[in-house]
Amino acid sequence: MKYAMVIDTLKCVGCSDCVVACQTENSVPIGYCRDWVTESVNGAYPHVEIELKSERCNQCDNAPCVRCCPTGASHKAEGGIVLVTADECIGCGACIASCPYDARYQHPDGYVDKCTFCAHRLKKGQLPACVSVCPTKCMYFGDIDDPTSKVSHLLASRKFKVLAPEAGTKPNVYYLI
């Protein structure tokens, strides 16, 4: 089993409900975030295109943050989720520097924090908080190794991209375009 998130950029309206849900669900300190919404504008008037997308840790198969962690606090867990064990983290920031997605931050309590795909919710059979609150239903989550899963069907039937493919991290967050 390998978890993946698929985000339909044609449905995202940039409302940031995913960001607020994450901050609330995970008690993220004010001024910090585990996910965020980006806006890209391409073209020139009158042929302008805008792309909105919710970004976060990409839960990479080839995670540089895990490789560079001197204590093993950053590690891969069930389903390929990259986690940080807070009480093992020394807050050195090596993982922050190694992440091509800028998806980690130094928590005020001294450890590094990031998106976990809401691993605590997954254990209860629930979806990540961001997915469960999306008003446009542009976010999908599931087992990419299961050919019958919704995420597998979407990736087989739609054009998609990943962020920073040149980094060689093999990310597990996909953007339908």
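# Contacts, cores and salt bridges

User: Which residues does Phe117 touch, not counting residues up to four places away in sequence?

Analyst: This is a predicted model, in which local features need pLDDT of at least 70 and side-chain atom pairs count only at pLDDT 80 or more, while totals for chains, interfaces and linings use all residues. Residues are numbered from 1 along each chain as its sequence is written, and side-chain values use heavy atoms, with hydrogens and water left out. A contact here means heavy atoms within 4.5 Å. With neighbours up to four places away in sequence set aside, Phe117 touches Tyr3, Ala4, Met5, Arg56, Gln59, Ile81, Leu122, Pro128, Phe141, Asn172 and Val173.

User: Which residues have the most contacts inside the largest nonpolar core?

Analyst: A nonpolar core is a set of buried Ala, Val, Leu, Ile, Met, Phe, Trp, Tyr and Cys residues joined through side-chain atoms within 4.5 Å. Buried means under 20% relative accessible area, exposed over 50% and partly exposed in between (1.4 Å probe, protein chains only). The largest core has 36 residues, and those with the most contacts inside it are Met5, Ile7, Ile81, Phe117, Met139 and Phe141.

User: Which element gives the most residues to this core?

Analyst: Elements are DSSP runs numbered from the N terminus: helices (H or I) have at least four residues and strands (E) at least two. Those giving two or more residues to the core include helix H1 (17–25), strand S8 (139–143) and strand S1 (3–8). The element giving the most, with three residues, is S1.

User: How many residues are in the second, separate core?

Analyst: Tyr140, Leu155, Tyr174 and Leu176 are among the members of this second core. Its residue count is nine.

User: How many disulfides does a search of the whole structure find?

Analyst: A disulfide is counted when two cysteine sulfur atoms lie within 2.5 Å. The sulfur of Cys33 is 8.1 Å from the closest cysteine sulfur, in Cys22, so this pair is too far apart for a bond. The sulfur of Cys60 is 6.2 Å from its closest counterpart, in Cys57, which is also too far. The search of the whole structure gives a count of zero.

User: Is Cys60 buried or exposed?

Analyst: The relative accessibility of Cys60 is 7%. Cys60 therefore counts as buried.

User: How many residues apart are Arg158 and Asp8?

Analyst: A salt bridge is a side-chain nitrogen of Lys or Arg within 4 Å of a carboxyl oxygen of Asp or Glu, and Arg158 and Asp8 form one at 3.0 Å, N to O. This pair links distant parts of the chain: Arg158 is in the loop between helix H6 (150–157) and strand S9 (160–161), whereas Asp8 is in strand S1, and their separation in residues is 150.

User: Which residue forms a salt bridge with Asp113?

Analyst: In this pair the closest N and O atoms are 2.8 Å apart.

User: Which residues are linked in a network of salt bridges?

Analyst: The structure holds eight salt bridges. One of them joins Glu51 and Lys53, with closest N and O atoms 3.1 Å apart, and both residues are buried. The network links Glu51, Lys53, Glu55 and Lys161.
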